Amino acid sequence: MKKRLLFALLSFLIASSSLLAQSKTVSGTVNDSGGQGIPGVSVRVKNSNKGISTNGDGKFSLEVGSNAVLVFSAVGYTSKEVTVGNSSTINVELSEDAANLDEIVVSGLATNVKRSNLANAVSRLSSKDLTGTTTPVTTDGAIQGKLAGANIVANGSMPGGGFNMQFRGVSTLGSSASQPLFIVDGVYIDNSQNSNGRSQANKAVGGSAASAQDNNANRLADLNPDDIESIEVLKGASAAAIYGTRANAGVVIITTKRGKGGKTKVSFGQDLGVANAYAYYGGAAWTADKAKAINGDAGLAAFNAAAGKYTNWEKEIFGSTGQIKNSRLSLTGGNDKTSFYVNGSYSDETGIVKNTGFTRASFRTNLDHKLTSWLDLAVNANFVNSDNDRGWTGNDNSSINYGYNIPYTPSYLQLFPDANGNYPNSPVGENPLAIRDRALNNQKVNRFIGGVNLTARALNTENSSLTFKLSGGTDYQNGLAKIWLPSDLQSQKAEANPGYAQDTRAEVTNYNIQLAAVHTYAPTGSAFNFTTSAGIVQLGTNAASNFIRGRGLPAGVSNASRARAFEQDVDYRRNTDQGVFAQEEVNFGDKIIASAGVRFDRSTLNGDPNKWYAFPRASVASNFHKFGSWASDSPISQLKGRIAYGQTAGLPTWGILYSQLGVTGIGGQGGLTPSTVLGNTLIQPERATELEYGVDFGLFKNRVTAEVTFYNKKVFDLIQPLVTAPTTGVTSTNVNAADLTNKGVEITLGADVVKSSNLTWFVQPIYWFNRSEITRLTVPERLTGGFGATFGQWRIKEGLSPTQIVGQPRTDPANPTSWTVYGDQQPKFEFSLNQRITFFKNFEFSALAHYRHKFAVVSLARVLWDEGGNTSDWNETNQAGDGKTENGNYRQNVNGLDENGKPKPGYNPVVTSFLKLREASLYYRIPKSIIGKKLDGLKVGVSGNNLFRWTDYTAGYDPENSNFGSAALGSGVDIGSAPLVRRLMFHISVDL
Amino acid sequence: MKNLKYKIFAAVLGLSTMQSCELEVVNDPNFPSVGGVSENASKAQLDALALGSYSLARNGLATYTQVVGVVGKEVFNFNSTESRWWTELNGLRPIDNSAFYNGATTGFGLPVRQANIILAACDKTTQVTDAQKNAYKGVANTFKGLAYLYMVNAQGKNGIRLNVEDPFNPSKPASYTESLAGIAKILDDAAGQLDAAGSSFPFTSPSGFGTGVAGSNFGTPTSFKKFNRAIAARVALYQGDYTKVKTLLGQSFMDLAGDLNLGPKHTFSPSSPDFANPLLNTSSVRVVGITSEWDALDKADKRWSKVAVQNPTIAYSAGGSSYEGKYLSNIWKAATDPVAIIRNEELILMLAEVEAQTGSATEALKLINLIRTTNGNKALDNVTGKDNLVNAILDERYFSLWYEGHRWVDMRRLNKLAQIKIPVVGMKVLENMERPVQEVNWDNRIVK
C-alpha cells in the first residue's frame, strides 16, 4: 500500500501492479529540445503500474527494480524508453511530437485511450494550439480553422464573441440542439444565447418573443481560453455515442489546467493590443440631384446647407481603435499528496465602435488531493464575471441600429452634437452618433462552474484493477441585461410612448452527476488487455428568466419600472435526463484495439419521458505496422486502419410537447387565446448513426503524419414543423418527419519539414468538406431562415441539401415553389494551413491561414447601402450594361442568375470564398543566460488576428456574419453588420 | 480506513437506485393548455375565451389595413426599413407568397380557430346555461364571420377555407361566391344564437363594445346583434344582394340622424398582455395619403382631420422610384386611441349605394349629401344616372372610410380596379393577394 502513495496524477495510465524483489532509487531530469525541464511527464516502469510524474522543473525520483525499463511519456512529446541498468541518474530529452500519437484521448465516459490506438478521428487541441499563437477572446474563436470537419462561423465582429459551430454538417434542422455539447472537467455547461430584448427595442422582430436577432454572444464566451489545457472534439456519432441523447451535434470535452506538483510556479502574462476595422464599404459621392432623388426635399436642403462639408459617417462610427488589455496570473504547485492550479485573469477589450466592449474576470482553482492511497479527489471551481457592451448592429425596423442606419446616412449630413450635447436630427430616421453615445445595450453574467471528481481504486492486483469514479458538477449563471433608448432620441420621439428600457434577468442551473466503474484485466502471459466500464448518469437544467420592459420614459430615466407602459414576462424551463452505459475495450498487444458499448437514455424532453432509447457503438483499430517487423525496414513508421460506428440522438427542444393557451388582454380584462403552434406529445428524439473509417500513417519516424477520415453520418426522425395552412389558425406542429445524410472527408497532414537544433519548421495542412442531403421528408417542402424569398432562404426539400439557398425569381412564374437556386451555405471545401517555425532556439513564429471555398451568403447588407446611395461604387455605371444606369440603382432592380449561372449583384444571395490569415505570431523566449536565476522564463511576442484577408465578397463587409446568431439553418445572413476587425497584440509572460 | 471504503461503495450503490424511479412528466410551467378547456369548461374559462375573441379581432389589423390600403393606392406606407411596402405591393417588383404581407390573410386564421374552440367547448360543457352557451356562440360566430370577411377581401377570387375545425384536414378554398355565402351563413347563425342568449352576456364586454367608448353600446346580446347585422349587411353588399342589404341595415345600428362614428371599437393599451394601437405612425412606419386625391377635397371638409399636412413634404424612394408625401395619416394619435370596426357613416353610404343600384336616385343623392353636409362639405345637386351616383358614392367612401381598408375592395367588387389612379409611373394595382406559400404547399402535399 505504501508504494501507492507515490502514484502520480496520471494514475489512469496505470494498468496493474507488480511486486519487485530488489529495488533502488533512480532520479533525473526530463528536458525538451531547448533544455527546459518538462513538468508533468509520466515516468512509468514498463509492464507495471508503478510510476510518477515529473515536478515543475522536470525532475523525478523513483524506486525501481534493477532490470527495469522506464517509459517517459507526455502529451505533445514522443515517448522514450530507457533501460535503467546500473545508472542511478537518468536524464532524458524528449522531442516534440507533431503527430501526438502518445497523447491520451477520451474513449468513454470513464476511460481513455492512447491516440495511436484510437479508432476515431478525435481532434485534440492543446493549450499551445488554442492560445499559443494569439490570445483569442473566446474558446470557440480559438478553435476556428484548426479542426477538420468543423464549420465555425463568427456571428459578427462586436467584442465578446458569438459563433455558430457545426461539426460534420447539419445535425438538426432546427428543433434540437444545433450547437455541440460542451463539457468542462466533467461539468455539462450551458452555451445558449440569452435574450435581452434588443430586437424589440429596434423592432427587428414583432411581438414579445425572445429572438436570435438580439445578436448576443453564446455563453461559451464566459470560459477563459487561457485556463484550457486541452480540447477534444468528438465530431460525430461514432465517437460521441457514449454521450447518447445529447451528442448529435458533437461533444466538446474541455480539460482545464491542473497543478503538477513540485515547486510552486508563478506565471504572469500580459497582452496589450489594438483592434481596427479591416476595410470599409461606403463612400459614394453625392450631387444635389442624387440627394433630392434619394432623400427628398429634406435631403436636398441638407445637401445645400452642407456647402461641401462632408463627413465619412461610416468611419466616424466604425473607425475607432479598440484597446485590448489581458492580464493573467497563475500559480501551480503542490506536493505528493496535493497539487493546485490557481489562475486569475482579466480581459478587457473595447470594440471599433465607441462604447462597445467586453470584459471578463475569471478566477479558477483546481485542486487535486490524495485522501488515501486508494482515494483521489479533484475539485474544480471557476467564477466568472463577464460584461459585454454589444452596441447596435444587425437587423432593425426603427432606424436605431447604426449598423443598419449608416448605409442610409449620406456624407453631407451634419450630425455632430452642438456645444450643449444636443444631437441634430437626421433626415434618414436617426442620428447614429446619438445611438452610439447615448443608447445602452449591456449584458452581464455572473457564473460559477464547479465540479468534483472522486476516484476510488477498490481493487488493484497484478492482473486486474477496479476503479469507481464519481463525478458531478454544476454550472450556475445569473445574467442581467439592460437595454435603454432615451426618450429624447429622434427615433423615440416619433413613438407614441417615447423611450425604451428593458431589464432582463436569467438564471440557469445545469447539474450533472455520474457514477462509473472501470475494470481492467490483463491475463498474465497474454497480449490481451480488457477494460470494462459501466455507469449511470443524470443531468438536468433549471432555468428561469424574466424581464420588465417599459415604454414611455421620462427624460433621463433608464429604469424600466418607471415607464408609462409595460410588458413583462417570466419564463421557466426544466428538464431531467438519465442514462446508463456500459463499454468493453479489448487491446491485443496494441495491434488490434476493439471496443463496443451501449448507452440507454431517457429524458423529460421526449414525448414519453420514461422510454429508454439505446445508443450502441463499436469500433476497431489496427496498427498494421506492429504486425511482424516489415515496417522497421520501411519508411513507414506507423500505419493504422480504423473503423467506427455509433449512434447518438438530439433531444426535442423545450416546449415542443405543449399546446399552449396564451394570455391576452383587452380593456383591462384578461382573455385566453390558443398558440398558433400545436404541441406534439408523441415527439421522439432525433437519432443519428455514423460510420467513420480512415487510415492514419506516419513516415520517416513520424516526421510526416497523416490522418485521413471518411464518414457517413445519417440523421433520422428529424423534427420538422408540419406547416399547416395558416388560415386554419394553426401554423405548425412539430413532427418527426425527415432524414438526412452528411458525407465528408477530413484530411489532416503534419510534417516536420525541418528539424534541426537551430531551425524547426512544422507544417500542418488540413482539408475537409461535407455534403448534406435530405433523404426523406414527409412534410411539405418549405423555406426557412432569412427575410423572405426576395433575399434568399434555406430550402428544406427531399433530395437536396438543407443548406441550399434559393430565392426569387421563380423559374416558372406559375409554379410557386420553382425558386432560383443560388448555392449552398456549406462551403465546397475548407482548407487551413498551420505553420510553426522555431529558429535560433528561442524564436517561434506561427501562422494559421484559413480558406473557405464557394459558399452562399444571404446578404441584405449591400441592399441597404444601395438604397441609401452610399455604396462605394454606387455612382459607377459598369454593371447594368447600358453604360449609364448607376450600379446602385441597377442593383436595386435585379435579381437572379446571369448568363453564366452566377448570382447577379442585386437583390439576391451571393456565392463567395475567402482566405483569412486568422492568426500569426512571433515570440522570443529570452535565454536563461540573460534573465539569470531569478526568473524561470521570460517570453515576449507580437501577434495578430485577421492580418490579411482575401475575398471576392462584395455584398457587405465580410462573408462571415450572422444576424440570427447561432442556428441550425438560417445563420449566415448579413445585414446591418459591422466591419471585420483586425487585432494586433504585444505579449509578455514571466515565469517565476 | 477499510470501513470508510466500504461505506463509500455502499453509498455509491445507493445512488445507483435513482435509476429505478420513474421520470415525472414535466407539465408546461408557463401556460395553460388547450386541452384544459376542451372538456367541461368552466364559466370562467369560457368568459376568458370569449374575451380572447374580442382581443383576437384585432389580430392582423395593422398589416391588413395597411396592405389593403397600399394595394388599392389609397395610402403609401413610407416604411424606412422595409422597401417591399413600396416595390412589391405596388407591382414594381413581383409579389412574393412568403413575405410579411401574407399576414393580411393569415392573421385571421387564429380568430377563426378561437371561435371554433369556443363553439366546441360550449357543446362539451355542462357548467353553463343554454342561454349562456348561445351568448358565447353568438359572439364567437360573429367574430368568426368578420375574420373570414377580411380574409376573403385579401384573397379575392382565391377564396377561403370554410371548414378548418381539423387543422390537419381543412376544406379546400371555396370560390369567391361560395366564400361570401359561407360567411353570411356564419353571421346568420350568430344572429340566431344571440336571439336566444338572454338579456345580458355572461361576461363584461370590453369598453369598445360596452359603454366605455363614445359611440359604442354593444354590450348585450340584442345590441351586439346590431353589430352582427351591420357586418352581414357589408357581406350582402359585396354579394350584390341589395334587397338583403336594406333589410340587414334595418336590423343594424344604422342611425340616419346619429353620429357618423357610432359603432363598436377596438381598444388598446400599451401594457402587456394588451398592446398599443398598431396603426400609429412610428419612426419607421409612416402612412401617407395620395396627394392628387386629397387635393381634390374641399378645404372646408371635416374629413381633412384624417391627415396632417406636411411642410416640408416627406420623401420616400426605393427600387428606383420616389414620391413626395404631403399628407401624413393622422386618424390615431395615441397608443390608446380606439379603432372603429364598422361605423354608422359606412352604413349610411351602404344604404345610399342600395338606393342608387335599385333606381332610387333621389334617395341616393339625399344620403350622399347627408354624409357631405355632416362632414361640412357642400351638397351635390346634379348627379343623375346609376353609374354617376355609384361613382359619387365611391368618392364619398374614399374620404369617409379612408385608411379603414375599403377602397381596394370597393373598386374590385364593382369591377373598377382599372379606374384607380396610378400615382407613380410603373405601379400596378394587384387584383388580389397571392395565396400564402404554406396554403399552396398544404394543398399540394403528398402524404407519405
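These legends describe close-up views of a predicted complex of chain A and chain B. Residues are numbered from 1 along each chain as its sequence is written, while chains are lettered from A and ligands numbered from 1 in the order in which they are written. In this predicted model, local features need pLDDT of at least 70 and side-chain atom pairs count only at pLDDT 80 or more, whereas totals for chains, interfaces and linings use all residues.

**View 1. Chain B as a whole.** Chain B has 16 helices and six strands. Helices (H or I, at least four residues) and strands (E, at least two) are DSSP runs, numbered from the N terminus. The C-alpha atoms fill a box of roughly 110 × 60 × 45 Å along the principal axes. Of the 448 residues in chain B, 55% are buried. Buried means 20 or more other C-beta atoms within 10 Å of a residue's own; exposed means 12 or fewer, and partly exposed lies in between, with C-beta atoms placed from the backbone. Mean pLDDT (the predictor's confidence in each residue, from 0 to 100) is 91 for chain B, and 95% of its residues reach 70 or more.

**View 2. The largest nonpolar core.** This core has 293 residues. A nonpolar core is a set of buried Ala, Val, Leu, Ile, Met, Phe, Trp, Tyr and Cys residues joined through C-beta atoms within 7 Å. Helix α7 (residues 130-155) of chain B gives the largest share, 13 residues. Y148(B), A233(B) and V235(B) have the most contacts inside the core. Contact means C-beta atoms, placed from the backbone, within 7 Å. Leaving out residues up to four places away in sequence, Y148(B) touches F108(B), V112(B), I160(B), I183(B) and I186(B). Another core, of 17 residues, lies apart; I38(A), I52(A), A68(A) and Y77(A) are among them.

**View 3. Helix α4 of chain B.** Is this helix, residues 61-71, mostly covered or uncovered? It is mostly covered, with 11 of its 11 residues buried. Among the buried residues are L61(B), Y64(B), Q66(B) and V71(B). Just after α4(B), K73(B) takes a positive phi of about 55°.

**View 4. The contact between the chains.** Chain A gives 84 residues and chain B gives 91. On the chain A side, strand β26 (residues 565-588) supplies the largest share, 11 residues. That side has 32 nonpolar, 40 polar and 12 charged residues. Here Ala, Val, Leu, Ile, Met, Phe, Trp, Tyr, Cys and Pro count as nonpolar, Asp, Glu, Lys and Arg as charged, and the others, Gly among them, as polar. The predictor gives the complex an ipTM of 0.90 and a pTM of 0.83.

**View 5. Strand β26 of chain A and its partners.** Strand β25 (residues 528-551) of chain A runs antiparallel to β26(A), joined by 24 bridges. Two strands pair if DSSP finds at least two bridges between them. V570(A) in β26(A) is the bridge partner of N546(A). β26(A) also pairs with strand β27 (residues 592-603) of chain A, antiparallel, over 12 bridges. F588(A) stands opposite I592(A) in β27(A). The two strands form a hairpin with three residues between them, and G589(A) in the turn has a positive phi of about 55°.

**View 6. Annotated spans.** UniProt (unreviewed entry) places "domain: TonB-dependent receptor-like beta-barrel" at residues 395-947 of chain A. That span is 6% helix and 57% strand, with end C-alpha atoms 28 Å apart. The UniProt annotation "domain: RagB/SusD" (unreviewed entry) covers residues 335-436 of chain B. This second span is 49% helix and 2% strand, and its end C-alpha atoms lie 30 Å apart. UniProt positions follow the numbering used here, feature names are shortened, and annotations may be inferred rather than shown by experiment.

Definitions and conventions: Contact = placed C-beta atoms within 7 Å.
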